[in-house]
Amino acid sequence: MIKQNLILGILLAVFFSACKPKQMPDPIELKVDSLLVQMTLDEKIGQMTQLCFSTITLNGSKNLDLNVNNFREAVTKYHVGSFLSGSDSIVKWVNFITNIQKVAINETRLHIPLIIGIDHVHGANYVNEGTILPHNLNISCSFDTEIIKKGAKVTAIETADLGLTWNFAPVLDIGKNPYWPRLYETFGEDPYLCSVMGTAFITSYENCPEIAPYKLAACAKHFIGYSDPRSGWDRTPSEIPWQVIYEQFIPSFRSAIDNGVKTFMINSGELNGEPVHGSKRLLTGLLRNELGFKGVILTDIKDIKKIVDMHAGADNEKEATLMAINAGIDMSMACNAYDFCTYIKELVQEGKITEERINESVRRILRLKFELGLFDNPYPRSDRLAKIGCKEHRQVAKEAALASTVLLKNENVLPIPMGKKILVTGLAANSKQMLNGAWTFDWLGAPEERQPKNMNTLYSALAKTFDSNNVTLFDVEKLTSEAQQKDFAKLAKKTDYIIVTVGERPYSEFKGNINDLTLDAGQSDLVLAAVATGKPVIVMLFEGRPRIIARFVDTVGAILFTGYPGIMGADAIAELLSGTISPAGKLSFTYPAEVGHQVPYYYKKSEKYLPLYPFGHGLSYTSFEYSGLQLSDSLITRPDQEITATVYIKNTGQIEASEAILWYVKDEVGTITRPDKKLCFFEKDILPAGIRKKYTFKFKPIDVCAYPDEHGSTVFEKGKFSLLVAGMQVNFYYK
Ligand code: GLC
């Protein structure tokens, strides 16, 4: 019977396609049509529904022990087509996904495979044996697209064989609000950097030959305006002028679409008074029609219900469901309830939603499943699992941590010579959780006992790199008694260097909401106690956002931004301290000097930019001399003419080191006032000691000098422009 249906479906599809003007029918479209024409309304609605694994696991846990009854109800009664989340071992993942796919394919009428979503946002972070990469904010400080591409490949290889086809990554939000608790998930405050890094991840992740025959979907999130909430708190209103939306918030998402990203996830918050999940202007007008996105739009977790509960944007969930469908969502991350299924069906039966509208979303979802090869390869495979957590992947994690650690201050303290005695203390001195951060085996970051056994802490890595007899651990986050202060002072007397690790214990989303950026007082006290010993003090900032460190910034000898550097972070940091390799990271965000001053580096002329450390700041163990900046033309005759900028860079120090070369453009005058400067290109290169190299940057003025108005129309005004690199500047004119 099923075979006849399929043949009938294909014949119908061929007939309808034959009626269209002559063009080769898209084979996937034919398959989608042939399936769609057989589906009941319930089956269609099921494909638009995504449930959390906690709905189908024993006791609702993230561990993958199937509650068979709940699962059968989900796929046979509600025809649910997608699940998400979960964290467990390789073996458990393989068994769990194999079992649920078998039921979904063999025990449903049309045998449509499930699509499984996972938040592998910094490596295979929900697989116990997975490689945990540095978080995105770290990686963006590398200014090295090769690093993000290698990381994406490692993540793809460690994810695909487990049957986890849909990765809810990358975050493309602009990290310009230092209070926002998801800053560490972003690629920093610059729209161009976020675009380049995000697109590099997407293209590597969605085009990874090493995982054949599987294909994977990335997910551009969270569209749009999520990252600059007025209060700094997660999921609270953003009020952003449309000109700023076009100039700062759209570029990273537009680049993702232009480079083929298969899915989008929507911002849970509200933008300019509209809950984004209910906004036809944003989801259909802007995302679909203007930006041309044709893939699947997924809600964030329970966000249709939150239109009512969080935003009071609708009277009830049924109204909210109508809003979200009319706005343009395709799939609801309903997580643990079937209300979405119920309301959609009622709305169709009441004629408020047409079945054609349902078909639009189901087509996109079926197309996604066909494009990812899920109908041909729905099951995990076990013949390549040794790659998960392998040595080569760990090396990528270490390379990423080495490239992204930022040396903020160094008053002839680093590197530390061999043979010296080191005292290490603070909340990350002997912690694995502090290195991996949140979204590691658990939403908030698993506790120490569930962190990988085969991983160094900073203390153990220092002991390995220097000499275990010379490294002492004083394992406190802060000094809480006189006795402790005495012990600390006594230990300090016998040491040459004191490393104090400070920062923020891992947090996720609203769990990380704060009202004051100032670093915890007790941690600053610990730093000051170290300074009081008179020994050279090295502070390491293990944090998801720039906490204010004014109390000790002037008195310590060295400061490193270490962020959440991942499973090999300690090994990388120890190596940097030893001097075998020089730090080469640069800040992808502004580090504020004081609590009240939050201005990004693209500030306006009437503002003051008074950071502790500016965007692009980062020291090295060597020094680089820039010279000979020049342009092939200083007169723009056509907006699309090609201009070549060249500069020479010499490594004037004694050791080889990498350098991130950041090019900025400045538009002196604009009808819409122009920022002090805007990053327009970057590259990273290794320069041996004493070597001088020529670097070029080719550009078209229309690409780097124009800007969008509030309607998104391109504005390219005549006048004076400058190209800047490393404090050098050369002018060019459009007359
Ligand atoms: C969360 C996050 C989103 C994540 C999703 C699924 O609430 O906002 O980034 O992908 O839920 O875990």
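Which residues surround the ligand?

Modeller: A caution comes before the list: this is a predicted model. The residues around the ligand are Leu 84, Asp 119, Phe 168, Arg 182, Lys 221, His 222, Arg 235, Met 265, Asp 300, Ile 301, Met 333 and Glu 509. Sorted by class, this shell holds six charged residues, five nonpolar ones and one polar one.

For Asp 119, an N or O atom of the side chain is 2.5 Å from an oxygen atom of the ligand. For His 222, the distance between a side-chain N or O atom and a ligand oxygen is 2.7 Å. Arg 182 places a polar side-chain atom 2.8 Å from an oxygen atom of the ligand. As for cover, the ligand on its own has 310 Å² of accessible area, and the protein covers 94% of that.

The peptide bond that joins Lys 221 to His 222 is cis, with omega at about 0 degrees. Both partners of that bond, Lys 221 and His 222, are in the shell around the ligand.

Another cis peptide bond runs from Leu 414 to Pro 415, where omega is near -5 degrees. Pro 415 sits in a loop, with strand S11 (406–410) on one side and strand S12 (422–426) on the other.

Two further backbone points concern positive phi values in residues other than glycine. In Asn 59, phi is near 55 degrees. Asn 59 lies in the loop that connects strand S1 (49–52) with helix H4 (68–77). Its relative accessible area is 80%, so Asn 59 is classed as exposed, the cut-off being over 50%. In Ala 312, phi is near 50 degrees. The loop that contains Ala 312 runs between helix H12 (305–309) and helix H13 (317–327). Ala 312 is also exposed, because its relative accessibility is 66%.

Terms used:
Residues are numbered from 1 along each chain as its sequence is written. This is a predicted model: local features need pLDDT of at least 70, side-chain atom pairs count only at pLDDT 80 or more; totals for chains, interfaces and linings use all residues. Side-chain values use heavy atoms; hydrogens and water are left out. A residue is near a molecule or strand if one of its heavy atoms lies within 4 Å of it. A polar contact is a pair of N or O atoms within 3.5 Å; within protein, one must be able to donate a hydrogen and the other to accept it, and residues adjacent in sequence count only if both atoms are side-chain atoms. Accessible areas come from the Shrake-Rupley method with a 1.4 Å probe; for residues, only the protein chains shown count as cover. Ala, Val, Leu, Ile, Met, Phe, Trp, Tyr, Cys and Pro count as nonpolar, Asp, Glu, Lys and Arg as charged, and the others, Gly among them, as polar. Helices (H or I, at least four residues) and strands (E, at least two) are DSSP runs, numbered from the N terminus. Buried means under 20% relative accessible area, exposed over 50%, partly exposed in between (1.4 Å probe, protein chains only).
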